[in-house]
Amino acid sequence: MIPQLTLLLAHYLYLIPIQTMQGLVPVLLMPHTLDGCKRVINFREEYDGVALKHFYDTFMKKNFPIEDELDPLEVWEEVLDPEKVESFEDQAVELHVVVGYGDSKARDIVGGVVFEYYKMSNCCLMSYIAVADDHRKSGVAKALVQLAEETCQQASSRLKKSDDDNKPWLDSISRVSVNDTTEKLLREVSAMMSPEEHKFMTSNISNYKSGLCLFFAETNAEGVEDCVMDSTVRHKILSRLGFRPLRFSYIQPPLSDDQLPCYDLLLTTLSEKRPIPSAIVRLFLIDFALSVFGSLGGFSSSSWYKQMEIELNASNGVLPQEGLPPWKGRTVKASE
């Protein structure tokens, strides 16, 4: 079954007031280009409802035929259509749908990538990427990933940040505006972090604020098949794009009331820096779960989150990455 529409919308619309430069609206900062494409549309910046529906119906449904694994089109429309969005600035998660076309009329689809920028953790999650059959093995996928990363770097640079690096790191982030609700939230987030992670954030706050921290992508663990593509083939593709899985027992939050947490996914990162700071991973996991549940109380005491928290606390502040495929890791549910 398709996850409940209201909960999927909440994923993108959970509102933590975000400090942004005055007058900022989601406008195109610079023309997006992609080799082999005559036109590139980021539907968050250049909304076209007809073209978005055409991309969804003719391309996304073909490449992601499993109903449970594809967001309903209505979710995208509700968070991208300027006529339906009250405030882009207050969206704590930015959805981006970027499509490259071989023609100027936005009909001949070369490829597309869908990703989310999480403002509090300053991280990105790639949800979908696909390339048309006659454009595969031509570098389009890698170019789409690079474009997604650059887009999130731009989003990060637009957020207002404190210039005082001598403040406690949580205050210095200044990605979330100060009010009673958000201040309480951030204090609770801080309390969930280990001493090693606090030390890392304090000593690296300038780097954290200077640009995107981590670019994530989920993929099926080995042996988990969806009748679309063999998991080992997916791993090879992601590896060629530069992704490597964390050596970490990742559990995806339940995305609706009628779904369970998913233990069958690997969390990969696009990063040449190894090992990966667990502080950033924890912030992203909290940010992701917040987008689903809306509050820390909705998940912080759950068994699936506690399992990841225990592993993060034992990591001494860093998480190693796997090398080239085959990727054998898979999360085993802890006994309760």
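**Why these labels?**

Visitor: Why is Pro325 called partly exposed?

Guide: Pro325 has a relative accessible area of 26%. Buried means under 20%, exposed over 50%, and partly exposed anything in between (1.4 Å probe, protein chains only), so 26% puts Pro325 in the partly exposed class. Bear in mind that this is a predicted model, where local features need pLDDT of at least 70, side-chain atom pairs count only at pLDDT 80 or more, and totals for chains, interfaces and linings use all residues. Residues are numbered from 1 along each chain as its sequence is written, and side-chain values use heavy atoms, leaving out hydrogens and water.

Visitor: What does Pro325 touch?

Guide: His235, Lys236 and Ser239, if you skip residues up to four places away in sequence. Touching means heavy atoms within 4.5 Å.

Visitor: What makes Lys53 and Asp57 a salt bridge?

Guide: The rule wants a side-chain nitrogen of Lys or Arg within 4 Å of a carboxyl oxygen of Asp or Glu. Here the N to O distance is 2.6 Å, so the pair passes. Both residues sit in helix H2 (residues 49-63), four residues apart, about one turn of the helix. Helices here are DSSP runs of H or I with at least four residues, strands are E runs of at least two, and both are numbered from the N terminus.

Visitor: And why is Glu197 called buried?

Guide: Glu197 comes in at 1% relative accessibility, so it falls under the 20% limit. Arg282 is buried too, also with a relative accessible area of 1%. The side chains of Glu197 and Arg282 meet in a salt bridge at 2.5 Å, N to O. Glu197 lies in helix H7 (residues 195-203) and Arg282 in helix H10 (residues 278-293), so the pair ties together parts 85 residues apart in sequence.

Visitor: How do you know that S7 is largely enclosed?

Guide: Six of its six residues are buried, so the rest of the structure largely encloses S7. Leu265, Leu267 and Thr269 cover one side, with Leu266, Thr268 and Leu270 on the other.

Visitor: What makes S5 and S7 a pair?

Guide: Two strands pair if DSSP finds at least two bridges between them. S5 and S7 have five and run antiparallel, so they qualify. Within that pairing, Glu218 stands opposite Leu267. S6 and S7 also pair in the antiparallel sense, over three bridges.
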